[in-house]
Amino acid sequence: MRPVMRMTRALMRTRDVGVACVFSFACACDSRTGMAGARVDVAGTSGPPALAAPDAALACASCHAAEVLEWRTSQHQVSFMSPDFQRSYRAERRELCVDCHAPLRTADGARDVASGIGCNACHVVSEGHVAQTAGDRPHVTTKACASCHDFDFPGTRAILQSTEREHAQSPFAATPCAGCHMKPRARGLRDHRFDVTRNRELLADAIYVQSTRFTGDVVIVTLATKSVGHRFPTGDIFRRLTLTLTALNEDGDVIAGDTFHMGRDWDGHRASQRAGITESATDTRLTEAPREFRLASPRRPASVHATVDYERGASAEGDFFESFETMEILNKDLRPPATSANVPVPVPAPLASHPKTPTHE
Ligand code: HEC
Ligand code: HEC
Ligand code: HEC
Ligand code: HEC
Ligand code: HEC
């Protein structure tokens with residue numbers, strides 16, 4: 001169940017090393033958070049804390065208004081205040097959740113819950129930063145993102161979030177996280193919205209049906225990701241895609257149907273922990289390698305209807321899945337299914353079409 005999972009998650013390496021201080025980009029946070037062994041004042045209160053002070057980004061707004069406005073719409077800003085985080089946090093109230101979801105502190109030493117993942121969680125900004133030459137300014141690298149987006153169970157090699165490792169395996173390993181998630185917008189402005197899991201259009205663009213075939217007794221639908229630099233969905237363990245296939249005859253009657261999940265669950269994680277292995281054996285998330293889904297059908301259907309739901313879960317254990325939100329990201333009639341193999345298939349967008357950000361490594 002989620003509470004157990006969250007408890008385990010909360011005992012991760014952040015306890016010892018202080019997540020925001022592993023890499024130099026974020027060490028400005030150290031003095032603010034005083035993370036080593038500091039008591040967290042918000043743990044133990046009930047419900048979201050009242051916003052006593054405005055977020056710290058106000059200090060940057062006079063000169064970087066555009067970045068501040070964009071960041072204010074982001075999940076990064078609300079990473080502590082969002083109702084979904086709060087619901088999980090109420091179920092399992094741990095200091096370490098706060099270390100990652102609200103790593104900064106206000107001037108008086110309180111947790112800066114209003115800033116969430118604030119400017120200073122990613123940028124080291126000195127008084128004189130305006131005068132620094134571009135070459136001297138610290139850049140925000142993939143490693144910096146990974147300090148929060150990639151971590152294991154405590155004392156084991158079993159993965160909890162593995163976005164950086166998935167990224168390193170993907171054809172997009174050379175493209176830094178920010179190269180896809182912070183595209184250049186207006187001149188001199190990098191996208192600070194981090195608008196992904198609430199954006200149906202973007203999520204829909206991340207997958208495609210490569211082919212639909214019929215072999216005699218099976219409909220084979222092939223699905224893959226398109227230009228996603230890691231497995232999909234990445235990040236939180238309780239995310240999954242659900243593919244529903246329905247085969248119809250000429251009259252529109254259903255002759256076959258099935259449902260397929262692509263994700264992870266807590267059972268698989270426990271098993272991998274016991275076995276001392278890194279990867280969850282039940283990780284069925286999608287990658288850019290086309291994957292076949294097979295639907296037994298008594299005869300050739302006139303059409304096949306496919307839907308894919310993107311689900312953000314509160315909890316997942318075996319067949320049990322409790323959703324924060326379900327979003328339909330694909331809804332298509334695949335007709336007519338071509339017979340047998342060797343069907344010409346649409347090709348996904350080429351890797352080269354992705355912008356590189358040379359300032360990152
Ligand atoms: C008084 C105005 C001012 C304030 C306040 C200010 N900055 Fe800046 N900042 C600048 C200027 C000017 C530059 C250089 C702009 C350029 O190179 O285009 C800069 C550059 C930067 C850069 C580097 C951009 C690059 O090209 O590498 C970052 C990151 C940054 N600021 C973050 C912040 C953050 C975070 C805050 C709030 C804690 C902040 N700044 C507050 C004026 C300011
Ligand atoms: C999740 C990490 C993250 C957060 C949070 C974040 N930034 Fe950035 N910011 C970046 C990255 C990555 C770049 C690209 C520049 C680089 O470091 O190479 C960047 C670039 C910038 C720049 C250079 C101009 C531009 O837009 O590309 C400024 C100025 C800046 N950020 C200000 C801010 C301010 C102000 C905040 C808070 C409102 C903020 N950033 C929050 C990661 C972040
Ligand atoms: C200090 C920790 C921290 C750092 C550093 C950080 N993130 Fe995040 N990020 C989070 C947390 C926590 C969330 C989840 C927020 C939520 O939904 O509650 C998140 C969410 C996201 C999301 C999903 C947003 C959505 O729509 O749900 C993306 C994409 C993302 N981060 C990318 C990045 C990238 C790229 C970088 C590096 C430039 C980065 N992050 C750096 C902690 C961090
Ligand atoms: C080649 C481009 C690319 C790269 C590189 C990339 N991502 Fe993504 N990421 C995507 C796409 C595409 C999505 C799906 C939604 C969308 O279209 O934005 C996504 C989704 C996410 C999400 C939301 C959870 C999900 O899968 O729905 C998070 C969090 C995230 N990425 C973090 C990262 C981090 C951290 C890195 C670097 C280690 C990274 N990404 C590198 C393209 C990329
Ligand atoms: C090492 C950093 C880290 C720690 C510790 C951590 N989280 Fe997170 N959490 C993240 C990141 C990064 C994401 C975003 C990944 C994504 O969007 O897929 C996230 C996402 C989430 C989400 C999904 C939010 C959404 O909007 O979909 C919930 C809920 C959550 N965390 C709750 C918790 C709780 C409760 C704890 C403590 C028991 C905790 N987290 C501890 C880094 C952390």
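In which sense do E4 and strand E7 (residues 291-296) pair, and over how many bridges? The two strands pair in the antiparallel sense, over six bridges, where strands (E, at least two residues) and helices (H or I, at least four residues) are DSSP runs numbered from the N terminus, and two strands are said to pair if DSSP finds at least two bridges between them. The structure is a predicted model, in which local features need pLDDT of at least 70 and side-chain atom pairs count only at pLDDT 80 or more, whereas totals for chains, interfaces and linings use all residues. Residues are numbered from 1 along each chain as its sequence is written, and chains are lettered from A and ligands numbered from 1 in the order in which they are written.

E3 and E4 form a hairpin with three residues between the strands, in which Gly 216 takes a positive phi near 130 degrees. In a regular strand the side chains alternate between the two faces of the sheet.

The loop between strand E4 (218-225) and E5 contains Pro 233, and the peptide bond from Phe 232 to Pro 233 is cis, with omega near -5 degrees. Ser 227 lies in the loop between E4 and E5 and has a phi near 60 degrees, a positive value in a residue other than glycine. Most residues other than glycine have a negative phi, and most peptide bonds are trans. Ser 227 counts as partly exposed, with 17 C-beta neighbours inside 10 Å.

An open sheet is formed by four strands in the order E6-E5-E8-E9, with antiparallel pairing. Strand E6 (254-263) and strand E9 (320-334) stand at the edges and have a single partner strand each, so one side of each is left without a neighbour in the sheet. From one strand to the next, the twist averages 20 degrees. Ten bridges pair strand E5 (residues 239-248) with strand E8 (residues 303-317) in the antiparallel sense; Val 304 in E8 is the bridge partner of Ala 247, and Ala 306 in E8 is that of Leu 245. E8 and E9 run antiparallel and are joined by 13 bridges, with Arg 312 opposite Glu 325 in E9. These two strands form a hairpin with two residues between them, and Gly 318 in the turn has a positive phi of about 60 degrees.

The largest nonpolar core has 24 residues, and those with the most contacts inside it are Cys 97, Ala 102, Cys 122 and Cys 145. Helix H7 (95-101), helix H8 (119-122), helix H9 (142-149) and helix H11 (177-181) each supply at least two residues of this core. A second, separate core of 20 residues includes Ile 207, Leu 223, Val 304 and Tyr 310. Such a core is a set of buried Ala, Val, Leu, Ile, Met, Phe, Trp, Tyr and Cys residues joined through C-beta atoms within 7 Å.

Ligand 4 is surrounded by 28 residues, the closest of which are Phe 172, Cys 177, Cys 180, Leu 202 and Gly 229; a residue is near a molecule if its C-beta atom, placed from the backbone, lies within 6 Å of it. The elements that give two or more residues to this shell are H9, helix H10 (163-169), H11 and helix H12 (200-205). The shell has twelve nonpolar, 14 polar and two charged residues, where Ala, Val, Leu, Ile, Met, Phe, Trp, Tyr, Cys and Pro count as nonpolar, Asp, Glu, Lys and Arg as charged, and the others, Gly among them, as polar. Both domain 1 (2-141 + 176-181) and domain 2 (200-339) give residues to the shell, so ligand 4 lies between them, the domain bounds coming from an automatic or database domain assignment.

Technical notes. A residue is buried if 20 or more other C-beta atoms lie within 10 Å of its own, exposed if 12 or fewer, and partly exposed in between; C-beta atoms are placed from the backbone. Axes are lines fitted to C-alpha atoms, for helices over the stretch in contact, and angles run from 0 to 180 degrees between N-to-C directions.
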